[in-house]
Amino acid sequence: MEKDVERTVREHGFIKVRNQALISGLAYCLSSCSMILLNKVVLSGYNLDAGISLMFYQSLVSVAVVYALTLFGIITTEPFTWNLVRVWIPVNIIFVGMLVTSNFSLKYINIAMLTILKNATNIITALGEIYLFKKHQSNKVWAALIFMVISAISGGITDVSFHAVGYAWQIVNCFLTAAYSLTLRRVMDVAKQQTKSGNLNEFSMVLLNNLLSLPLGLSLIIVFNEWEYLYSSPVLRIPVFWVVATSSGLLGLAISFTSMWFLHQTGPTTYSLVGSLNKIPISLAGILLFKVPINVPNLLSILFGLFAGVFFAKAKMPK
């Protein structure tokens, strides 16, 4: 009888963990897809040539919302210490670089091709897991990763709207995204040891990440002279633009929270792989909503890349 009770408790705990992983994964996908679409509207629809400033504003919105929720007692955050900030700075630099390069590439590349090129992140992450965590991948996983490389190369060759600058920024973004997912989990464990309670919840990490992004983002705005562009840009006088930009900031908060939540429940490669799976709806939405010029070879390359993502997901499933 006791064994039956113990087994039931273990099964209940397993189901709870699986549900947490599923819910956090779905939340991450929804916020990620929505944010890409809105950022494309802001950067291309309004022709905003200030990707760093957009990142800065999104971080500012996130900080304001988290502080407001804390003030009203809806959530709790850990008090920050210098030791905690010092531990978190390296991953925050990667975080800022990841967001900025994503904005830079999104301005020049259509969403469908952007999602296929992001598959390269899975390859870098898998290699990073071997080096950092001594985690070996199966032959099926490597086959899926090879398919991703083929789809990215063929997609780039057949891309009607190919833009070298956009592709270059996306390659940099792939390395930074992989570095972020690999570094974040290790840093989270170390960061918890630097708090008074020995714990660091998702909202504390989101606040810390976005708060530290503000001085770095402001410095980059000054260095790249974006402030001069913003001062003379007529787009800032359009009320609807601010609605869209603020919405993207709220989604930035959502993706920051859900990505950390999902990473807590799974691991770096699974985090990266789910990012591949949500490319199916985002690719279709990007093509339809933004009326992307596309030819048959490029469409086949995109579909092949999406298939590679699904194959990768199946290969990563536990036996």
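Trainee: What makes F262 count as buried?

Mentor: F262 has a relative accessible area of 3%, and buried means under 20%, with exposed over 50% and partly exposed in between (1.4 Å probe, protein chains only), so F262 is buried. This is a predicted model, in which local features need pLDDT of at least 70 and side-chain atom pairs count only at pLDDT 80 or more, while totals for chains, interfaces and linings use all residues. Residues are numbered from 1 along each chain as its sequence is written, and side-chain values use heavy atoms, with hydrogens and water left out.

Trainee: Why is Y28 called buried?

Mentor: Its relative accessibility is 9%, which is under 20%, so Y28 counts as buried.

Trainee: Why is the pair of Y28 and F262 called stacked?

Mentor: Rings of Phe, Tyr and Trp (its six-membered ring) pair if their centres lie within 6.5 Å, and planes under 30 degrees apart count as stacked, over 60 as edge-to-face and the rest as tilted. Here the centres are 5.9 Å apart and the planes lie at 20°, so the pair is stacked.

Trainee: Which parts of the chain does this pair link?

Mentor: Y28 belongs to helix α1 (residues 2–45) and F262 to helix α10 (residues 239–265), 234 residues apart; helices here are DSSP runs (H or I, at least four residues), numbered from the N terminus.

Trainee: Which residues do ring pairs link into a cluster?

Mentor: The cluster joins Y46, Y57, F241 and W242, and the structure holds 10 aromatic pairs.

How values were computed: Helix = DSSP H or I, 4+ residues; strand = E, 2+ residues; numbered from the N terminus.
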